[in-house]
Amino acid sequence: MKIGFVGLGNMGAHMACNLATADHDVTGFDTAARPDGTRRAQSAAETGTGDDVILPVLSDGGIDGMDRGAVRAPVSGDISGAQAGPLTFLADRPGPGWEALFDVVSTASVQGWSPTSHCPATGIGPSLPADTRWPPHFTANRMRKALQRAMTAAAQADTEPPMGARAAGLHLRFHDEHGSTGCDFSAMLTRFEPRTRA
């Protein structure tokens, strides 16, 4: 595949090198850098000449004149991800479902224990409580207590974590409604499934 890069800095240089190493034909334009294995274009426009894909990797996010036919796809990851290869492109895709969301959050820089090891949606990832109607692995009551301790610690440190406070409030409400059943905290997903955006 012929790939054109515009921007060969901290992220783009490593991405271009990895693709060149994988035997892709890589052309790059940058005002200063040219990674090993890539051909240098004389302008940003030249990278589009005969290339199958053009990847602008720029801190300001775009290039004049490239809106036509372009798919805006921010990259989730950092320099180490660019060096190692596993980056997630957050491109629009039709009909996003739980599988699409899992693919993003389990590999992106936001990934963590809950989405990758305790996914609350059924039929995604390893077999988890959601696949067997949420028997308790980590109960809603334990999650409520953990979040309350976290909020107490934040207050003692004179810190205001708005997202933490929101999460604690949601889990407290869920526990008040369903906690007596001893269900797993991931059953909270059922609160959001019936909701749709206006």
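**Figure 1. Pairing of strands β2 and β3 in the predicted model.** Strand β2, residues 25–29, is joined to β3 by two bridges in the parallel sense; two strands are said to pair if DSSP finds at least two bridges between them. Within this pairing, Gly28 has Arg40 of β3 as its bridge partner. Helices (H or I, at least four residues) and strands (E, at least two) are DSSP runs numbered from the N terminus. Residues are numbered from 1 along each chain as its sequence is written. The model is predicted, with local features requiring pLDDT of at least 70 and side-chain atom pairs counted only at pLDDT 80 or more, while totals for chains, interfaces and linings use all residues, and side-chain values rest on heavy atoms, without hydrogens and water.

**Figure 2. The open four-stranded sheet.** The strands follow the order β3-β2-β1-β4, with parallel pairing. At the edges stand β3 (39–40) and β4 (53–56), each of which pairs on one side only. Five bridges in the parallel sense link β1 and β2, and Val26 of β2 is the bridge partner of Ile3. β1 also runs parallel to β4, to which four bridges join it; here Phe5 stands opposite Leu55 of β4.

**Figure 3. Helix α1 against the sheet.** Helix α1, residues 12–21, lies across β1 (2–6), β2 and β4, and runs at about 165 degrees to β1. Axes are lines fitted to C-alpha atoms, for helices over the stretch in contact, and angles run from 0 to 180 degrees between N-to-C directions. Four of the five residues of β1 are buried, so that this strand is mostly covered; buried means under 20% relative accessible area, with a 1.4 Å probe and protein chains only. Together, β1, α1 and β2 make a right-handed β-α-β unit, a crossover in which, with the strands pointing away from the viewer, the path from the first strand over the helix to the second runs clockwise.

**Figure 4. The contact of helices α5 and α6.** The axes of α5 (residues 140–156) and α6 (residues 162–178) come within 9 Å and cross at roughly 150 degrees. Their crossing is left-handed, that is, the near helix is turned anticlockwise from the far one by less than a right angle. Among the residues that meet are Met143, Leu147 and Met151 in α5 and Ala168, Leu172 and Phe174 in α6; contact means heavy atoms within 4.5 Å.

Technical notes:
Buried means under 20% relative accessible area, exposed over 50%, partly exposed in between (1.4 Å probe, protein chains only).
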